[in-house]
Amino acid sequence: MDYENKLVLAPMVRVGTLPFRLLAAQYGADITYGEEIIDHKMIKCERRINEHVGAVDFVEKGTDNVVFRTCSLEKNEVVFQMGTSNAVRALSAAQLVCQDVAAIDINMGCPKSFSISGGMGAALLKKPDLIHDDTVELARRIETTGVSALAVHGRRVADRPRDPAKWSEIADVVAALSVPVIANGDIFEYEDFHHIKVATGASSVMVARGALWNASIFSADGKLPWEEVKREYVRKSILWDNDIKSTKHTLKEMIMHYSCLELPEGKAVIKSDTLADLAKLYGEEKYNQFVQEKRLFDGSR
């Protein structure tokens, strides 16, 4: 994968599923990260071809629980992000999925308790036998392992989203490395992609919240109305039979940024039990009917 001059969708738990990744790509994202998947869970999966929706599923053995879903449309741009604290286990998980994705990423930055408690994410930053505490020295050591690129979120573990991202510290990492660095932090408008590249010297730029609130942030032509983006996300969730809990979570995050869950739309999303319910709420009943009928027709051939 080429990591020069790319616009990148950041990994986001319960958001970065197939429909949202394809949504971001449609609007201009060059690289799309999936949500973090824990290696323990991935190695319990088996690969299945899902002819029903035209996807490749990694399903927990003995169940119908889809842990990771991808498709041929994103094979050259999707990055599988893994949470791990064990190299052997990580390799096993990577070998399972590597033929269906463009790259594998190890999460070393997640500050959430579920990640840290398992020795993953930001917990890896505190293991002196594995890495150094100093950010630049850490980056140099990671580079020696042979990574193709390094994504740097300009915040410390204790920082909250409201704290300004430290672009100057990302610049220090960029200056110390020869591999491409992907800068992440406080990207809310298309112009910010250019601003952070100039400020840091990074090769590429990653965006999380800015894309969650309006995935058309990747478009050089400017953002589309969020209502339009929201409906397109619902359509893609229907098309790819996305998990209803994941779809609702993403919609609620969008709504909370622009509005309030206590208003009629928010309440209706919370009460929705199926994708058909969401199709009705967002005026996509005909599209949902078309998708379901096409699946029945394809399945009967």
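Colleague: In which loop is Asp 186 found?
Modeller: This is a predicted model. Asp 186 has a positive phi of about 65 degrees, although it is not a glycine. To place Asp 186, look for the elements on either side: it is found in the loop between strand 10 (181-184) and helix 7 (190-200).

Colleague: Is Asn 242 buried or exposed?
Modeller: Asn 242 lies in the loop between helix 9 (226-239) and helix 10 (244-258). The cut-off for buried is under 20% relative accessible area. Asn 242 has 9%, so it counts as buried.

Colleague: With which side chain does the side chain of Asn 242 make a polar contact?
Modeller: Leave aside the neighbours within four places in sequence. Asn 242 is then in contact with Thr 17, Pro 19, Tyr 233, Ser 237, Thr 247 and Leu 275. A polar contact needs a pair of N or O atoms within 3.5 Å. At 3.3 Å, the partner is the side chain of Thr 17.

Colleague: Which element gives the most to the lining of the second largest pocket?
Modeller: The second largest pocket has a volume of about 690 Å³. Its lining has 25 residues, and Thr 17 is among those nearest the centre. Helix 1 (18-27), strand 3 (37-38), strand 6 and helix 10 each supply at least two lining residues. With four residues, the one that gives the most is strand 6.

Colleague: How many residues of that lining are charged?
Modeller: Glu 35 and Asp 243 are among the residues nearest the centre of the pocket. The lining also has 11 nonpolar and five polar residues. The charged ones number nine.

Colleague: Why are the buried residues of helix 3 on the same side?
Modeller: In helix 3 (87-97), Arg 89, Ala 90, Ala 93, Ala 94 and Val 97 are buried. An α-helix has 3.6 residues a turn, so residues three or four places apart point the same way.

Colleague: Which residue caps the N-terminal end of helix 3?
Modeller: Look for a side-chain oxygen that lies 3.1 Å from the backbone nitrogen of Val 88. That oxygen belongs to Asn 86.

Definitions and conventions: Residues are numbered from 1 along each chain as its sequence is written. This is a predicted model: local features need pLDDT of at least 70, side-chain atom pairs count only at pLDDT 80 or more; totals for chains, interfaces and linings use all residues. Side-chain values use heavy atoms; hydrogens and water are left out. Buried means under 20% relative accessible area, exposed over 50%, partly exposed in between (1.4 Å probe, protein chains only). A polar contact is a pair of N or O atoms within 3.5 Å; within protein, one must be able to donate a hydrogen and the other to accept it, and residues adjacent in sequence count only if both atoms are side-chain atoms. On a 1 Å grid over the protein atoms alone, a cavity is a set of points where a 1.4 Å probe fits but cannot get out, and a pocket is an open set with protein on both sides within 12 Å along at least five of seven lines; lining residues have an atom within 4 Å of a point. Grid points are joined across faces, edges and corners, and a volume is the space filled by probe spheres set on the points. Ala, Val, Leu, Ile, Met, Phe, Trp, Tyr, Cys and Pro count as nonpolar, Asp, Glu, Lys and Arg as charged, and the others, Gly among them, as polar. Contact means heavy atoms within 4.5 Å.
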